[in-house]
Amino acid sequence: MGLFSKDKNKYLHGFAKTNDSLGKKLRFVTENKKQNKEDFMEQLMVTLIEADIGYQTSELICDKFFETCQNYYYLFAKDIMNFLGQTFREVYFEKPDEDIVYNENGPTVILMVGVNGSGKTSTCAKLANRYLTEGKKVALVAADTFRAGAMQQLKEWAMRLDIPCIMGKDNEDPSSVLVKGCRFAKDNSTDILICDTAGRLQNKINLMAELEKMTRVIGKEIPGAPHNTWLALDANTGQNGLSQAQLFNEISDLNGIILTKMDGTSKGGIIIAIKHMTGLPVRYITVGEGLDDIQDFDFDLYLDSIIGDLAHAS
Ligand SMILES: Nc1nc2c(ncn2[C@@H]2O[C@H](COP(=O)(O)OP(=O)(O)O)[C@@H](O)[C@H]2O)c(=O)[nH]1
Ligand SMILES: [Mg+2]
């Protein structure tokens, strides 16, 4: 997409804090490595877990690392870092990332789900802005009928972007707003229809029923839709974020994650944990509150921003 060349520094800025914590700690562990393998393994595990990589994924990383790097004690720190980087990569790509789905025969529908405050509404606006800059015809659907202010918030973004926003009434069934949105998209040759939803997490059964209904009515209006159901996940919620991803993945047909508020977290390790535990690719990261503060997720740049300094040292 060519965004990185234009904006690599800004992109890396989103991982600055992760580099400060995970990167620096890994550097410390590799530069001051323990000769005893158990001690070194423990140091490594603690560092990975502290970066939100999660126990199971950290354990797998350690196992794989020691399989290939038994003579770690005699290696330079930069070589150990390279081995670690390779291991992160292997674990992340154990399941290959699937491409974003676009509808060749009509509007592409994106359904944004996630708990309250995770960044859904602002991410819908950021995505709309990106598609607009690509020359696409974009419309928004405010299907978060649960909170009075929520629809208005999306409407304001739509006005700023000068695009249509299909609104419901307070407490209207979100599915009926989605139907209106889909009909609007078909009638107006919209390329991308981005649907904001409510973040109610009252209980699993209700959430599942609601998501299922939304998906069903959208699919009736536009065959194959929603083409993408993405979970907005606040990167600062750590292991709780991982449980959210697992829950939503269980009850809906997710095909991507958007990790929000990466500018505020030092625990970017969650990306590896989510991919390993759910198989879901991180589609985008958001790194601020502005419309431009969204970036494609690129694993190699991410890795480079965490461990690059040392792995490339001569
Ligand atoms: N710093 C920062 N704030 C964000 C980011 N994304 C969203 N926010 C803020 O998080 C808050 C909740 O976002 P919102 O989109 O309303 O979440 P929703 O409840 O899931 O729709 C708002 O104040 C947003 O401005 C981000 O990438 N960085
Ligand atoms: Mg919202």
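These are my notebook entries on one predicted model, from the whole chain down to single residues.

**Ground rules.** I number residues from 1 along each chain as its sequence is written, with chains lettered from A and ligands numbered from 1 in the order in which they are written. Since the model is predicted, local features need pLDDT of at least 70 and side-chain atom pairs count only at pLDDT 80 or more, while totals for chains, interfaces and linings use all residues.

**Confidence.** I looked up pLDDT, the predictor's confidence in each residue, from 0 to 100. The protein chain averages 87, and 90% of the residues score at least 70. Over residues 1–6 the pLDDT stays under 50, and the model has 6 contacts beyond four places in sequence for that stretch.

**Whole chain.** I find 12 helices and 8 strands in the protein chain. These are DSSP runs numbered from the N terminus, with helices being H or I of at least four residues and strands E of at least two. Of the 314 residues, 47% are buried. Buried means 20 or more other C-beta atoms within 10 Å of the residue's own, exposed means 12 or fewer, and partly exposed is in between, with C-beta atoms placed from the backbone. Among contacts between residues at least 6 apart in sequence, 76% join residues at least 24 apart.

**Sheet.** I read an open sheet of 8 strands with mixed pairing, in the order β3-β2-β4-β1-β5-β6-β7-β8. Its edge strands, β3 (165–167) and β8 (294–296), each pair on one side only. Two strands pair if DSSP finds at least two bridges between them. Neighbouring strands are turned by 25° against each other on average, direction ignored. For angles, axes are lines fitted to C-alpha atoms, for helices over the stretch in contact, and the range is 0 to 180 degrees between N-to-C directions.

**Two strand pairs.** I checked β1 (residues 108–113) against β4 (residues 192–196): they pair in the parallel sense over 5 bridges. Ile 110 has Ile 194 in β4 as its bridge partner. Strands β5 (residues 228–234) and β6 also run parallel, joined by 5 bridges. There, Ala 232 has Ile 258 of β6 as its partner. Strand β6 (residues 256–260) is mostly covered, with 4 of its 5 residues buried.

**Helix α8 and Val 177.** Helix α8 (residues 174–187) lies across β1, β2 (138–142), β3 and β4, at about 165° to β2. I picked Val 177 in this helix. Why does Val 177 count as buried? Because 25 other C-beta atoms lie within 10 Å of Val 177. Beyond four places in sequence, its contacts include Val 141, Ala 142, Ile 166 and Gly 168. Cys 195 is 18 residues from Val 177 in sequence and 9.5 Å away, C-alpha to C-alpha.

**Helix α11.** In α11 (residues 270–278), 7 of the 9 residues are buried. Lys 275 and His 276 are among them. Gly 279 follows α11, and its phi is positive, near 80°.

**Ligand 1.** I count 19 residues around ligand 1, the closest being Gly 119, Lys 120, Thr 121, Ser 122 and Thr 286. The cut-off is a C-beta atom, placed from the backbone, within 6 Å of the molecule. Helix α6 (residues 120–133) gives the most to this shell, with 3 residues. The shell divides into 2 nonpolar, 12 polar and 5 charged residues. Ala, Val, Leu, Ile, Met, Phe, Trp, Tyr, Cys and Pro count as nonpolar, Asp, Glu, Lys and Arg as charged, and the others, Gly among them, as polar.

Notes
Contact = placed C-beta atoms within 7 Å.
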